[in-house]
Amino acid sequence: MSTHSPSHGRELAPETITVAAGRPPRTADAPLNAPITLASTYVAGGEMEYGRYGNPTWQAFEETLGQLEGGSCLVYASGLAAVAACLELVPDGGVVAASRHAYLGSLGQLAELEKAGRLSVRLVDIDDTKAVRSACVGADLLWIESPTNPAMEVADLPAVCAAAREAGAISVCDNTFATPLLQRPIDHGADLVLHSVTKFLAGHSDVLMGALVCARDDHYERLESRRRMIGALPGPFETWLALRGVRTVHLRVQRSSANAAELARRLRDHPAIERVRYPGLADDPGHARAGAQMSDYGGVLAVEVRGGAEAADAFTRRTALWVHATSLGGVESTLERRRRWPGEIASIPENLVRLSVGIEDVEDLWRDLEQALSG
Ligand SMILES: *Cc1c(COP(=O)(O)O)cnc(C)c1O
């Protein structure tokens with residue numbers, strides 16, 4: 001599918017790309033939105049041929065996210081399908097240096113591949129640039145998350161991407177927490193950007209989808225031909241919903257970030273809270289780095305609740321507006337104690353509750369947290 005090009009040859013602001021990219025050509029009576037194309041096959045002789053090879057609704061999404069991140073985009077059935085695709089770039093017997101704190105499913109895939117003898121893993125504190133630099137020596141791929149889920153550490157993106165490049169390793173940055181509105185890893189030297197589109201990009205807790213954005217054509221070509229073969233694809237309806245979400249992601253991320261910053265300040269002074277992890281706080285260890293490479297600090301924060309796992313669980317049960325649920329990045333505020341999941345790594349404190357801040361009124365959100373903490 002060809003799409004309309006709205007740029008006059010100039011680079012558009014990301015807030016305009018979210019709205020304007022991936023639209024059909026402007027012919028009379030054309031729809032403004034890319035239609036949901038339900039097709040398993042196409043008339044022979046064109047570029048797509050079969051539904052596993054291409055879909056116009058994917059193309060509209062891929063063009064939009066590709067422009068936002070500054071690379072070539074491929075959609076997948078989920079964030080973890082994109083993780084699996086990416087790890088296939090590692091040769092047999094290869095080495096992956098990976099952030100110790102990262103999405104538990106990404107670390108779970110690495111652990112299983114290591115157990116099966118497919119590759120070996122070096123876990124490293126991603127905010128310790130010196131340690132990352134040594135872990136990259138002899139590695140084939142560097143797995144970066146920043147800010148990390150759910151520890152909220154911030155990597156020095158230009159430095160760690162350069163370390164990977166010098167070592168001849170592919171650098172992959174999971175940009176799910178920040179979104180391209182707040183952080184563009186390819187500008188900082190990353191080879192690949194990964195998204196759980198499920199989260200902020202789609203934004204309404206109603207769709208599972210993933211994406212990779214490639215800075216290099218050879219990676220794009222390998223991944224695209226592999227995707228045809230494996231078939232971990234999103235349905236056209238999911239892709240359409242995700243693109244509809246992307247149209248407002250800049251406004252949602254802006255509001256979530258503003259709410260999160262205000263709540264982080266108030267929670268820090270609350271007697272029931274031991275520690276707040278949010279790079280937007282001036283005394284957070286990641287504050288200076290985040291300020292240098294992000295345009296805002298995002299809508300996710302973590303708190304450590306006084307009184308251990310039990311007090312943290314009680315807190316998550318007592319909210320009325322905030323939903324006790326896993327996942328993040330929706331319009332509605334959610335919270336959960338991460339260690340309730342057996343797969344969550346033991347260096348995440350038992351009493352850590354991750355908050356995904358939505359776009360509601362901040363005073364309503366605060367009142368609900370206050371009553372839940374004092375209950
Ligand atoms: C949720 C998440 C994933 C996995 O994505 P799914 O869409 O659930 O498969 C990967 N990375 C991060 C940072 C996530 O939050």
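Predicted model: local features only at pLDDT ≥ 70, side-chain atom pairs only at ≥ 80, totals over all residues.
Q: Okay, aromatics. How many pairs are there?
A: There are three aromatic pairs. Rings of Phe, Tyr and Trp (its six-membered ring) pair if their centres lie within 6.5 Å; planes under 30 degrees apart count as stacked, over 60 as edge-to-face and the rest as tilted.

Q: How are F237 and W240 arranged?
A: F237 and W240 are stacked, with 6.3 Å centre to centre and 10° between the planes.

Q: And where do F237 and W240 sit relative to each other in the fold?
A: Both are in helix α9 (residues 236-246), three residues apart, which puts about one helical turn between them. Helices here are DSSP runs (H or I, at least four residues) and strands likewise (E, at least two), numbered from the N terminus.

Q: What about Y278 and Y297?
A: Y278 and Y297 make an edge-to-face pair, 6.5 Å centre to centre with 65° between the planes. Y278 is in the loop between β8 (273-277) and α11 (287-293) and Y297 is in the loop between α11 and β9 (300-305), so the pair ties together parts 19 residues apart in sequence. Y278 is buried, at 1% relative accessibility.

Q: Which ring does the charged end of K199 sit over?
A: The ring of Y103, with the charged end 5.1 Å from the ring centre. To count, NZ of Lys or CZ of Arg must be within 6 Å of the ring centre and within 35 degrees of the ring normal.

Q: Switching to the ligand: which residues come nearest?
A: L80, D174, S196, T198 and K199, out of 13 residues around the ligand. A residue is near if one of its heavy atoms lies within 4 Å.

Q: What does K199 do there?
A: A polar side-chain atom of K199 is 2.7 Å from a ligand oxygen atom. On D174, a side-chain N or O atom is 2.7 Å from a ligand nitrogen atom, and L80 has a backbone N or O atom 2.9 Å from a ligand oxygen atom.

Q: How much of the ligand does the protein cover?
A: The protein covers 93% of the 380 Å² of accessible area the ligand has on its own. Those areas come from the Shrake-Rupley method with a 1.4 Å probe; for residues, only the protein chains shown count as cover.

Q: Now backbone. Where are the cis peptide bonds?
A: One joins S146 and P147, with omega about -10°, and another joins N149 and P150, with omega about -5°. P147 is in the loop between β4 (141-145) and α6 (157-167), and P150 is in the loop between β4 and α6.

Q: Which phi does D29 have?
A: A positive one, about 65°, although D29 is not a glycine. D29 lies in the loop between α1 (14-20) and α2 (56-69) and is exposed, at 83% relative accessible area.

Definitions and conventions:
Residues numbered from 1 in each chain as written. Heavy atoms only, no water. Buried < 20%, exposed > 50% of the residue type's maximum accessible area, 1.4 Å probe, protein only. Polar contact = N/O pair within 3.5 Å; in protein donor to acceptor, adjacent residues only side chain to side chain.
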